[in-house]
Amino acid sequence: MRISRRAVAVAAVLATVLPLSACGGGTDTDESSDASGAVKGRITFQTWNLQANFKDYFNGVIEDFEKKYPDTEVRWVDRPAEGYADKLSADAAGGTLPDVVNVSPDQVAPLAKAGLALDLDQDSTAAAFRDEYLPDAWKSHQIPGMEGTYGFPWYLNTGPMFYNKRLFEEAGLDPEKPPTTYDQVFESGLKLAERSDGEIATLAQVPTIEDFGRYGVQLMNKEGTAFAFNDAKGVDMLTRYKELFDAKALDPQALTATPETSGSKFLTESVAMNPGSALDLENFKKQAPTLYKNIGITDQVTSTGKVNMYVMGVMVNSRTKEKPAAVAFAHFVTDATRQMSFAKQVAIFPSTKGSLDDPYFTEEDGTDETRVRIAAAKSLKNAVNYTPVLFSEQMKTELRNEVAKALQGKQSPQESLDRAVAACDKLLKQS
């Protein structure tokens with residue numbers, strides 16, 4: 001996957017549920033064998049649109065691995081972002097799934113259900129690496145309704161909330177005390193819209209499944225067999241968003257907004273708050289110096305005390321002929337040394353224990369980029385991946401459509417969420 005502002009911030013957006021219920025796949029092998037044998041043989045490693053920008057880095061990782069294990073050979077293939085999920089599905093169906101595969105949690109779910117993803121918890125060699133990773137990162141590749149963990153956690157990401165201090169001050173709000181919970185956002189948003197006669201919105205996007213999670217809504221039942229975000233808390237959240245929308249505290253174009261368009265609204269100072277990353281600061285400095293002069297940086301809005309993290313992982317094909325080598329390489333790519341090295345090349349964060357305590361993530365150097373990086377790293381220590389592993393791209397569309405109807409007053413928030421849950425449950429049963 002190409003690591004850009006939008007792609008890193010929303011790592012799972014391109015993922016879809018793969019139709020694998022009847023698939024074979026991989027290569028013929030004894031699936032009960034573990035990875036404790038000699039690390040040797042030829043394996044294939046597949047990434048997601050990383051070759052263009054990180055060719056030297058991955059070639060170096062492969063060279064180091066082959067030096068450590070002289071009897072191995074790693075073939076690296078890189079697939080474009082467009083159609084990546086379809087390519088995974090085709091490879092799985094055709095029995096050509098690579099030995100080690102770059103996946104997001106929602107992409108690994110159908111592969112695990114089809115028996116094509118190695119359960120790391122059941123493999124003694126792989127399970128021994130568990131304690132090297134942050135607990136919530138390791139859990140990110142667990143599938144509701146299934147036992148086990150189906151991918152090594154790789155890089156993480158999160159981002160701060162930017163806000164416009166000038167707009168807050170002009171509305172009579174304290175620019176040094178930005179809202180950090182949803183209740184505070186709703187309260188501040190209504191005041192800001194009223195005092196600007198509806199000219200300034202606070203937010204530019206409708207709530208997503210991650211927002212419901214950060215609000216404290218139970219997203220699925222404990223068994224992972226049905227969605228539950230139509231409970232009283234979910235309805236309350238959508239009702240409050242409807243109040244924002246009616247007061248123009250939610251941008252009128254939010255129903256069709258993308259991360260890029262909402263970013264543009266913030267850049268032109270017609271929206272007071274917008275999520276982002278350290279990469280945005282340089283853009284603000286170049287394109288909107290007035291905004292940059294008044295930029296405020298705070299944590300993600302959350303009512304749970306835990307921010308959302310996005311996770312990327314590395315899966316081992318359960319049917320690989322070279323299981324010891326595949327497990328060894330998947331761990332090698334995602335170990336603390338490699339993750340720290342990668343994090344210093346691009347704005348991502350390691351999923352390994354202790355890495356976020358490195359001076360790179362804790363010591364200020366006076367730059368805005370470091371300020372944001374330190375704040376994000378601190379929040380990641382207890383962050384949660386709120387997007388359910390089983391929540392597909394189709395489900396995101398269903399939720400967005402029903403949310404839009406509620407905001408437009410075409411149906412009540414309760415009816416909208418009931419319909420969204422019913423549609424998502426139906427898709428869940430089909431997966």
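**Notebook: contacts, a sheet and aromatic pairs**

I began with contacts (heavy atoms within 4.5 Å). In the protein chain, 77% of the contacts with a separation of 6 or more are between residues 24 or more positions apart.

I noted the ground rules. This is a predicted model, where local features need pLDDT of at least 70, side-chain atom pairs count only at pLDDT 80 or more, and totals for chains, interfaces and linings use all residues. Residues are numbered from 1 along each chain as its sequence is written, and side-chain values use heavy atoms, with hydrogens and water left out.

**Overall form.** I looked up the radius of gyration (over C-alpha atoms; globule rule 2.2 Å times the number of residues to the power 0.38). The protein chain has 22 Å, which agrees with the value near 22 Å for a compact globule of 431 residues. Of these 431 residues, 56% count as buried (under 20% relative accessible area with a 1.4 Å probe, protein chains only; exposed is over 50%, partly exposed in between). I found 18 helices and eight strands (DSSP runs: helices H or I of at least four residues, strands E of at least two, numbered from the N terminus).

**Sheet.** I then traced an open, antiparallel sheet of three strands, in the order E6-E5-E7. Strands pair here if DSSP finds at least two bridges between them. The edge strands, E6 (273-275) and E7 (295-298), each pair on one side only. E5 (residues 161-164) pairs with E7 over four bridges. Asn164 has Ile295 in E7 as its bridge partner. Helix H11 (residues 259-267) lies across E5, E6 and E7, at about 140° to E6 (axes are lines fitted to C-alpha atoms, for helices over the stretch in contact; angles run from 0 to 180 degrees between N-to-C directions).

**Helix H15.** I checked residues 336-343. Arg338, Gln339, Met340, Phe342 and Ala343 are buried. The buried residues of H15 pack against helix H2 (51-68), strand E4 (152-157) and helix H14 (323-334).

**Aromatic pairs.** I searched for ring pairs (Phe, Tyr and the six-membered ring of Trp, centres within 6.5 Å; planes under 30 degrees apart are stacked, over 60 edge-to-face, the rest tilted). The whole structure holds 32. Phe58 and Trp76 form a tilted pair, 5.3 Å centre to centre with 40° between the planes. Phe58 lies in H2 and Trp76 in strand E2 (residues 72-79), so the pair ties together parts 18 residues apart in sequence. Phe58 is buried at 1% relative accessible area; Trp76 counts as buried at 13%.
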